[in-house]
Amino acid sequence: MRLKTSLLKEPKHILYSLIEMEHKELVSCVGWTTADELYSCSDDHQIMKWNPLTSETTRVVKLPDDVYPIDLHWFPRSIGGKKQSHAESFVLTSSDGKFHLISKLGRVEKSVEAHCGAVLAGRWNYEGSALVTVGEDGQVKIWSKSGMLRSTLAQQGSPVYSVAWGPDSEKVLYTSGKQLIIKPLQPNAKVLQWKAHDGLILKTDWNSVNDLILSAGEDCKYKVWDSYGRVLYSSQLHEYPITSIAWAVDGELFAVGSFNTLRLCDKTGWSYSLEKPNTGSIFNISWSIDGTQLAGACGNGHVIFAHIVEQRWEWKNLEITLIKRRTMKVHDVINDAEDSLEFRDRVIKASLDYGYLVVSTSLQCYVFSTKNWNTPLIFDLKEGTVSLILQAERHFLLVDGGGLYLYSYEGRLISSPKYPGMRTDILNAQTVSLSNDTLAVKDKADEKVIYIFEALSGKPLGDGKPLTHQTEIVEVALDQKGLTSERKIAFIDKNRDLYITSVKRFGKEQKIVKIGTMVQTLAWNDSSNILCGIQDTRFTVWYYPNTVYVDKDLLPKTLYEKDGSEFSKNPQIVRFVGNQVTIRRADGSLVHLNVSPYPGILHDYVRASRWEDAVRLCRFVKDQTLWACLAAMAVASKDMATAEIAYAAIGEIDKVQYINSIKDLPSRESRMAHMLLFSGNTREAETLLLQSGLIYQAIQVNINLYNWDRALELAVKHKTHVDTVLAYRQKFLEDFGKKETKKRFLQYAEGVSV
């Protein structure tokens, strides 16, 4: 992926003085209104309007001679779910201590005296309900939408060069010399402050989708931080101070500007491309709303435009590259065949998976089958700027500013799930997951909640209550195969613990089970329910995660672990297709890992109930891990004969004996109940026995588990075998030489002769 840059021949921001001399005046700030229209302001007091497609420029307005613009920010487009088609007004800060609210046509609606000395930056919050300004006087001020002062958030002795809102508009990040400070709007909340650079910090930005912070300094470095002030990436030294830095809207990329330098970087910090345009210093970078292009305000009077080309998508034997804004090249690496795909409008997002390529342009969505590139299916989009495409085997999800839309590969709209307080602009691949029958979305308002929807109807699943965890959730992933009733969701929480739970919940509290710690990243396999992840420094594969619900002690035996130190710090799993895992290291390079193909084959056999073939496979491979997986799968499917063979193979003799004893039980119900007991589901086993009228067995189960109170309760309730319970209890106490202390037992012991 790289940036294709363009500069006009002559700088448009030129000031003509009396003697017709040419001054090349620096451009101080730029901002996009739509994906094809940019405003720029310069020290020549002019506001210009640009159209990068037609290279047209028009002057919007000439400001008074004493107004030198410094920063510009457009009023946000989406307010309360209502989208305006384009931004209507912007805030312009200037060197005379004022900020100006200016309409799109260039009319100055209001000028406000804000700071002593220059106003160095001004930013609207995401809702457009408040504005923050910072100045040379070291003050950080919050203003209402109409320009009335609400509060002075902070005061310090040195100028504040840059400011950014937190994702929830509850906190403000600003610079203070070499320090970064995060200050909540609540008066007594804790302030976070840390030393970020060895020189002055010139620019900072905070992304609402990934919650990461960028900073750029005079020490010629740029850095990426998380919202707790921990450094995730620190760049090497550049030749010149970094003068600008900015996130793309979706938080996947950011751009860095310096003297004659423009860099495109991944969110983890490594650099995709480096351009050396003739611009002077780039003082300000603004990304277009669809994230496909950016503009930079240059010190030599130019405005530089750059759009992203050479993005790549890979799947199995196909490699697809965006070579121009509207052209893709398809390369099949097996037979070296090449195809070219042309689009009417520019490509915004694309996704390649499960044998389909889904491409969204600014107005349409194209669906190509990888078997036939000539006849795509095309349908129009309501909203235009698609921010995320997710694919499953049977359908795909489009996310845009207006909502979530699930389409079949034939282009039919299947459903459009909604939940209260939905903000779709901040969803990404980590917070949304799609499978053939289920959609899971992590909420932003309450980060401990996952909303789970039925894909076909768009309605909440089960009893309609979302899944709630005790700490904030970072990443969610649904498994892709198997029955809907057994669909599992894996998620990582803020403490980096990995949990798994069942998606279907009918009233009863489904256990959320922890299966890993310090997990950085995870992915489900596309063709069987195998989960892989990187925990701490180890690459781990959970061949059959469902084991935790069948036989918890068996889980460690069903894992594959490998040393992951070769992946360096903060690696990300890109995909897990077939038996190949692709991992992106922190320096951007891709590493391919192969895992054993046998567990995948075993999953297929079990799904088709081919138990004999499964046993044959395990005998052929002679691997303890595989036998352990088969044992758990067999118990889950209630196939006790196979379970017995598999447990014997891994030497779990006690379990083999228990399974044998289950086989000899007379009635089907009691066999089922003991299988449930085997998996540790005592409540369900007891309920099943009581429903079948096997009251004595239910009591006996509780006695065997030393649940004395429950055993007595059942005996008294059903008026039977009270004496049996008391006898067992008495023998138990005698064996341990103890006296009876429970009141209920004493009470019944007097009334019942044993």
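What share of the contacts in the protein chain with a separation of 6 or more comes from residues 24 or more positions apart? In this predicted model, such residues account for 43% of those contacts, a contact being a pair with heavy atoms within 4.5 Å. The model is predicted, with local features requiring pLDDT of at least 70 and side-chain atom pairs counting only at pLDDT 80 or more, whereas totals for chains, interfaces and linings use all residues. Residues are numbered from 1 along each chain as its sequence is written, and side-chain values use heavy atoms, with hydrogens and water left out.

The protein chain contains 12 helices and 59 strands, taken as DSSP runs (H or I, at least four residues, for helices; E, at least two, for strands) numbered from the N terminus. Its C-alpha trace spans about 120 × 65 × 45 Å along the principal axes. Of its 754 residues, 54% are buried (under 20% relative accessible area; exposed is over 50% and partly exposed in between; 1.4 Å probe, protein chains only). The accessible surface is about 33300 Å², with 50% belonging to carbon and sulfur atoms (Shrake-Rupley method, 1.4 Å probe).

Side chains comprise 90 positive and 89 negative, and the centres of the two sets lie 3 Å apart. Lys and Arg count as positive and Asp and Glu as negative, without His or the chain ends; charges are placed at NZ of Lys, CZ of Arg, CG of Asp or CD of Glu.

Zero disulfides were found in the whole structure (cysteine sulfur pairs within 2.5 Å). The closest cysteine sulfur to that of Cys220 belongs to Cys265, at 15 Å, which is too far for a bond. Cys220 is buried at 12% relative accessibility, and Cys365 is buried at 0%.
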